[in-house]
Amino acid sequence: NTGDLTLSAWVNFDTAADEETIIYQGTAGSETEVNNELYFLRLDTTSGNDIEYGHENSAGTDNYNIFDTNLSANTWYHIAFSRDTTSNSVKFFINGLQVGSDYSYTNDASGGSTGNMTTGADSSGADDFDGTIDNVRIYNRALTPAEIQRLYNWAPGPVGSWKLDEG
């Protein structure tokens, strides 16, 4: 998706490492427009357990921003971001409340037609998320802050998590 977009999910990480991917669309490691990263959310541990948003335009031109969240391990969080291509801005939310100010960028995401949407790792399977991701939602429009607050209130965090992939 190169246009307006809202992504939300419930996340709970066990341990934090830099660039642990929460959600990703694109092709990792390639710097051609057809393989651009259309969006991603991942942990950034440079100065705390923060969330990094990014997208690429042209042939791998990076548009990144780190939202100062300082999340704690072993805690459920509802996270959401909305990208508005009319205003060229991204808003980020934790538990229904906006974190920091809008991130303004110059160029919208472009290309990325060969990439896949993944959760818990980038398209190459690297940068694994060490924890649990639940109830991922993708909208083809930028939800308003009020809509994101209602989404958080409507879908309270998980009370448990069970692996259902055992033989």
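I take "buried" to mean under 20% relative accessible area. I am working with a predicted model.

**Entry: Glu52**

I looked up Glu52 and found it in strand E4, residues 50-57. Is Glu52 buried or exposed? Its relative accessible area is 8%, so Glu52 counts as buried. Next I listed its contacts, leaving out residues up to four places away in sequence.

**Entry: the nonpolar core**

I turned to the largest nonpolar core, which has 25 residues. Which residues touch the most other members? I noted Tyr39, Leu41, Tyr53, Ile79, Phe81 and Phe92. E1 gives the most, with five residues.

I followed up on Phe92 and again skipped residues up to four places away in sequence. Its contacts include Leu41, Ile79 and Phe81. Phe92 also touches Ile51, Phe67, Thr69, Ala80, Leu97, Gln98 and Val99.

**Entry: strand E2**

How many of the six residues in E2 are buried? I counted six of six, so by the under 20% cut-off the strand is mostly covered.

I then looked for its partners. E2 pairs with E3 in the antiparallel sense, over four bridges. In that pairing, Gln25 stands opposite Tyr39 of E3. E2 also pairs with strand E10, residues 116-119, in the antiparallel sense over four bridges. There, Gly26 has Asn116 as its bridge partner.

How values were computed: Residues are numbered from 1 along each chain as its sequence is written. This is a predicted model: local features need pLDDT of at least 70, side-chain atom pairs count only at pLDDT 80 or more; totals for chains, interfaces and linings use all residues. Side-chain values use heavy atoms; hydrogens and water are left out. Helices (H or I, at least four residues) and strands (E, at least two) are DSSP runs, numbered from the N terminus. Buried means under 20% relative accessible area, exposed over 50%, partly exposed in between (1.4 Å probe, protein chains only). Contact means heavy atoms within 4.5 Å. A nonpolar core is a set of buried Ala, Val, Leu, Ile, Met, Phe, Trp, Tyr and Cys residues joined through side-chain atoms within 4.5 Å. Two strands pair if DSSP finds at least two bridges between them.
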